[in-house]
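Let me put the model up, and then I'll walk you through a few places in it.

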Amino acid sequence: MAWIDTLFNQMVQQGASDLHLSSNLAPMFRVDGSMAPVAGYDEISPDRMREVLFEIAPQENREQFEATGDTDFAYEIAGLARFRANFFMDRNGPGGVFRQIPSEILTVEQLGLPPSILELCHLTKGLVVVTGPTGSGKSTTLAAMIDYINRTRDEHIITIEDPIEFVHPNKKCLINQREVGRHTKGFKNALRAALREDPDIVLVGEMRDLETVEIAIETAETGHLVFGTLHTTTAPSTVDRIIDQFSADRQAQIRTMLSESLKGVIAQTLCKKQPRGRVAALEILRVTNAVSANIREGKTHQVPSLMQMGAKYGMRLLGDSLAELVQQGVVAPAEAYVKAVNKEDLVNRLNAAGIPFDPATLGEGSAEAAPAPAAAPAAPAAPAAPQAAMHLDTAAPPAAQAPAAPLPGQAPAADPAQQPAPGGGYVDPFESFKRGKR
């Protein structure tokens, strides 16, 4: 067993979404969106950090890291979870960030995705883009959509990912999952090859360069359903981002192609939830004839107005979702204000709903309490059942376990502190993959 596996077990038990390791610093967890140091660990030297990271890295990733200073791969502990790993070099030395990916895929029903998103899963051709900042849950939403298709349609699905995160078993569909760097040279190579592999649906983990975007649009035009991701914050800006990647002399052509192939954009943002956890606020664009005409004519600035009037098609702006979450008591007004794009509009919405909020008071008692340090490391227990990380209903805290062996020169770890059970109130299933306790 690798030394870092102890941290991974503790990470799942405490519901942390990410583990951060940096040279000359103690390990840290991201819990409910906030960073918290892992109690009982001292700073890890650069030399020791390299040993810790290389203990779990495949040989090709070690070589890539030595050559470029960066590498990505997936690491799995059977019965516990998969982890998306990124190694990097900074001014202090090597480091790594590990994102928890549950072994069990959350369904669209568990996530509570609206009907307008499920309708996108019934398309036979076109381009659907899921956008949002890094760590906003794009992969979770896409995995749920692919799982829904896998349960309801008889199709051939090809996914191109870097690395493979959620593993999809064949249900009603045949699914081939390809990993960049391991099974194919790059996204554009795999996407071009996919056209000769008889797919019905293609998932592109990241449309990161112009050629990949162009092939994705062409694939959608040739009668395939293509899902992809971008790192944009709103649905209208996603359209502009795609078009702006092309040279000026090609943009008119791309606008025409995109107006015909783009079927929907889902932009999501994670917010801190009350009393703890996180919840996704969704912005949804469905490409109607009016939206298509605006894209073709270069009038994307008018798309938000069409989205405001498109509720019957399932469209909604980010401000709609944020205001709704505040009115339900799920998200604090200050948190919604920070995440809003049109902040003035959100304040007006809240005041109209009888929820007074003055941005001038932001930070005056509205901030959440600082997270408590993560519990001391525990020795790895027997692998938990795959569904253990999925349930938030907490009966009793896990039994205390012996602390892990300290690093050389490190003081012995303190006895593990029991992590408090999640607070009462609304618990949204979107965050269930962040939690590991029963």
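Start in the loop between strand 12 and strand 13, where you find Pro275. The peptide bond from Gln274 to Pro275 is cis, with omega near 0°. A cis bond also joins Asp162 and Pro163, this one with omega about -10°, and Pro163 sits in the loop between strand 8 and strand 9. When I say helix or strand, I mean DSSP runs, H or I of at least four residues for helices and E of at least two for strands, numbered from the N terminus.

Quick housekeeping. This is a predicted model, with local features needing pLDDT of at least 70 and side-chain atom pairs counting only at pLDDT 80 or more, while totals for chains, interfaces and linings use all residues. Residues are numbered from 1 along each chain as its sequence is written, and side-chain values use heavy atoms, with hydrogens and water left out.

So, the chain overall: 15 helices and 13 strands. Of its 438 residues, 53% count as buried, where buried is under 20% relative accessible area, exposed is over 50% and partly exposed is in between, using a 1.4 Å probe and protein chains only.

Strand 12 and strand 13 pair antiparallel over nine bridges; two strands pair if DSSP finds at least two bridges between them. Gly264 stands opposite Arg286 in strand 13. They belong to an open sheet of seven strands, order 9-8-10-11-7-12-13, with mixed pairing. Strand 9 (174-179) and strand 13 are at the edges with a single partner strand each, so one side of each has no neighbour in the sheet. From one strand to the next, the twist averages 15°. Helix 10, residues 251-261, packs on this sheet and touches strand 7 and strand 12, its direction making about 80° with that of strand 12. For angles, axes are lines fitted to C-alpha atoms, for helices over the stretch in contact, and values run from 0 to 180 degrees between N-to-C directions.

What packs around helix 13? Its buried residues pack against strand 12, strand 13, helix 14 and helix 15, with contact meaning heavy atoms within 4.5 Å. Seven of the ten residues of helix 13 (318-327) are buried, so the rest of the structure largely encloses it. Among them are Leu318, Leu322 and Leu325. After helix 13 comes Gly329, with a positive phi near 80°.

Helix 11, residues 289-296, has Val291, Ser292, Ala293, Asn294 and Ile295 buried. Its cover includes helix 9, helix 10, strand 12, strand 13 and helix 12. Gly298 follows helix 11, and its phi is positive too, near 75°.

At 31% relative accessibility, Asn24 is partly exposed.

Last stop, the largest pocket: how much space lies in it? About 1000 Å³. A pocket here is an open set of points on a 1 Å grid over the protein atoms alone, where a 1.4 Å probe fits, with protein on both sides within 12 Å along at least five of seven lines; lining residues have an atom within 4 Å of a point. Of the 48 lining residues, the closest to the centre are Arg84, Arg99, Thr134, Gly135 and Ser139. Helix 6 gives the largest share of the lining, six residues.

Ala144 is in helix 6 as well, and at 0% relative accessibility it counts as buried. Leaving aside neighbours within four places in sequence, Ala144 contacts Ile105, Leu106, Thr107, Val108 and Leu111. The C-alpha atoms of Ala144 and Leu111 are separated by 8.0 Å, with the two residues 33 apart along the chain.

That's my tour, thanks.

Key
Grid points are joined across faces, edges and corners, and a volume is the space filled by probe spheres set on the points.
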